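The structure comes before my notes.

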Amino acid sequence: MKPLKKENINELKEKVYELIAQTSIEIGHKTDGKTMASLSKIFATNLIQEKRFGNMTFNQIQDAFHLGVRFGDLDKQIFLNIRTFYKWTYAQKQLIDSAEYEVRTLGKDPNTVLHYQPPIKLLK
């Protein structure tokens with residue numbers, strides 16, 4: 001797994017397109033391919049450009065969508081738009097940051113902290 005800031009933009013667009021298509025099916029939206037392609041292009045570009053998301057992995061983005069669909073505001077209708085994607089991604093980032101804080105600062109065992117992911121080792 002590599003951080004989003006190291007992803008190839010074209011590969012990331014394809015992954016995001018598949019994620020949006022799956023999410024559309026899960027929430028029961030009937031969205032056309034052109035709209036999903038536009039959303040995936042915009043969101044993939046944002047994921048690479050946004051410094052706050054740059055160290056996240058695509059698997060963590062998938063987790064964000066998974067949790068967002070299943071545990072989002074039950075009283076509100078879910079819309080497939082960039083704002084919703086940001087909301088889910090930012091919520092996931094907060095979980096990850098909290099887990100890292102617990103391990104690095106509070107000294108908790110990494111195996112017991114939910115959402116903790118060891119740092120990515122980069123080969124040179």
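I call a residue buried when its relative accessible area is under 20%, exposed when it is over 50%, and partly exposed in between, with a 1.4 Å probe and protein chains only. The model is a predicted one, in which local features need pLDDT of at least 70 and side-chain atom pairs count only at pLDDT 80 or more, while totals for chains, interfaces and linings use all residues. Residues are numbered from 1 along each chain as its sequence is written, and side-chain values use heavy atoms, with hydrogens and water left out.

**Entry 1, Gln 92.** I looked up Gln 92 and found it in helix H4, residues 82-104, where helices are DSSP runs of H or I with at least four residues, numbered from the N terminus. Because its relative accessible area is 3%, Gln 92 counts as buried. I then listed its contacts (heavy atoms within 4.5 Å); leaving out residues up to four places away in sequence, Gln 92 touches Met 56, Gln 60, Asp 63, Ala 64, Leu 67 and His 115.

Helix H2 runs over residues 33-49, and its 17 residues reach 24 Å from first C-alpha to last, close to the expected 24 Å, the expected span being 1.5 Å times one less than the number of residues. Which residues of H2 are buried? I noted Met 36, Leu 39, Ser 40, Phe 43, Ala 44, Asn 46 and Leu 47. Seen down the axis of H2, these buried residues fall within an arc of 160°, so they line one face of the helix; the arc is that of the directions from the helix axis to the C-beta atoms. Lys 34 and Gln 49, on the other side of H2, are exposed, and the cover over the buried residues of H2 includes helix H1 (9-27), H3 and H4.

H3 has 14 residues and reaches 20 Å between its first and last C-alpha, close to the 20 Å expected. Its buried residues are Phe 58, Gln 60, Ile 61, Ala 64, Phe 65, Gly 68 and Val 69, and they pack against H1, H2 and H4.

I paired rings of Phe, Tyr and Trp (its six-membered ring) when their centres lie within 6.5 Å, counting planes under 30 degrees apart as stacked, over 60 as edge-to-face and the rest as tilted. By this rule the count comes to 7 aromatic pairs. One of them joins Phe 65 and Trp 88 edge-to-face, at 5.2 Å centre to centre with 75° between the planes. This pair links distant parts of the chain, with Phe 65 in helix H3 (residues 58-71) and Trp 88 in helix H4, 23 residues apart. Both Phe 65 and Trp 88 are buried, and one aromatic cluster is formed by Phe 43, Phe 53, Phe 65, Phe 85, Tyr 86 and Trp 88.

For a nonpolar core I took buried Ala, Val, Leu, Ile, Met, Phe, Trp, Tyr and Cys residues joined through side-chain atoms within 4.5 Å. The largest such core has 24 residues, and Leu 4, Val 16, Phe 43, Leu 47, Ile 61 and Phe 85 have the most contacts inside it. H1, H2, H3 and H4 are the elements that give two or more residues to this core. Neighbours within four places in sequence aside, Val 16 is in contact with Ser 40, Phe 43, Ala 44, Leu 47 and Phe 58.
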